[in-house]
Amino acid sequence: MRLDDLRFFVRVADLGNLSEAGRQFGLSPSASSARLTTLEKAIGAQLMARSTRQMTLTEAGRLLRNHAQNALDEMDMAFDALDARSDVPRGQLRISSNSFFGRIHILPYLNEFMALYPLVRIDMSFTDRLVDIIGDGFDLAIRNAPLPDSTLMARRLGSNRRVLCASPNYIARRGEPKTPSDLAQHDCIGMSSLPVWHFQGPKGEISHTVSSTITGDNGDYAYDAALLGLGLSVKSVAHVWEDLHRGSLVAVMKDYPITRSGDIWAVYPPARITPPKVAVLIDFLQTKYGKPPYWEQKAVPD
């Protein structure tokens, strides 16, 4: 029996869904079923009662679930302590990031990072979903939003200023809004995760509920839609700094800056000792980004 088998079983038990647990472990439905069956044979007991609609823990499964989690926690602490004793960061480093930040601000530097730390193996997940870092087994997540209160550890990588922007083609067709009240006469690119836009006005914050001509659930979609001239979009400068610099997107309503932007954070599970592979990547990225980060330095000035 392998530790990964126990981790897989715990995830199945927590989700109550074999296919979803398998997806998170990179397994097909048939491979997921085979893995659980193999574990049950090794244990000598049925762990999950299966039906066409759901999976529930058997008595043996509940007993193993409780003890397995404690054992895995102890083993993880032991591995962290062993890693900390090593002068050379090593092992698999599982990273979660939304697509744009991972593609633009992490992937281009990984050749250099892996040359510096050849014993570290990178496993990246690109998703706009707010992952469960501990439950999903990630070592590190990049989050570009205000951090909720939690037991997670976090280090700031840089600012995450947002701008309202559009393509020159759109502005030529529809004109440039000057105040939030003008937005009612414009096409707005909606995001299901951002139904209200907040601006700083001369007398305080102004909230604008977006009435969009097109709506989606992905930051890359909103970026592409803005480039194609479909309307106005609220975007992170970290995402669009190159477009602002070369003029393929134009920041508008600069007298009413976007509020509630937050920062970009490296977030990781709590531990008495931060694993070296996590610490060196965060240090490396902070060095690459600079203070302030290059996306703030090279975007069109306010």
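This is a predicted model: local features need pLDDT of at least 70, side-chain atom pairs count only at pLDDT 80 or more; totals for chains, interfaces and linings use all residues.
I take helices (DSSP runs of H or I, at least four residues) and strands (DSSP runs of E, at least two) as numbered from the N terminus.

Residues are numbered from 1 along each chain as its sequence is written, and side-chain values use heavy atoms, with hydrogens and water left out.

**Sheet.** I traced an open sheet of 5 strands, ordered β4-β3-β5-β14-β6 with mixed pairing, where two strands pair if DSSP finds at least two bridges between them. Because β4 (120-126) and β6 (153-159) stand at the edges with a single partner strand each, one side of each is left without a neighbour in the sheet. From one strand to the next the twist averages 20 degrees, with axes being lines fitted to C-alpha atoms, for helices over the stretch in contact, and angles running from 0 to 180 degrees between N-to-C directions.

**Helix α10.** I then followed α10 (residues 276-289), which lies across β3 (91-97), β4, β5 (140-143), β6 and β14, at about 15 degrees to β6; contact here means heavy atoms within 4.5 Å. I checked its length: the 14 residues should span 20 Å at 1.5 Å a residue, and the end C-alpha atoms are 20 Å apart, which agrees, the expected span being 1.5 Å times one less than the number of residues. Its buried residues include V278, L281, F284 and Y289, buried meaning under 20% relative accessible area, exposed over 50% and partly exposed in between (1.4 Å probe, protein chains only).

**Core.** Which residues touch the most other members of the largest nonpolar core? Among its 41 residues they are F101, L157, L281, Y289 and W295, and α10 gives the largest share, 7 residues. A nonpolar core is a set of buried Ala, Val, Leu, Ile, Met, Phe, Trp, Tyr and Cys residues joined through side-chain atoms within 4.5 Å. Leaving aside residues up to four places away in sequence, W295 touches F101, H105, S159, V237, A238, W241, I264 and Y289.

**Cysteines.** I looked for disulfides (pairs of cysteine sulfur atoms within 2.5 Å) and found 0. The sulfur of C165 has its closest cysteine sulfur 12 Å away, in C188, too far for a bond.
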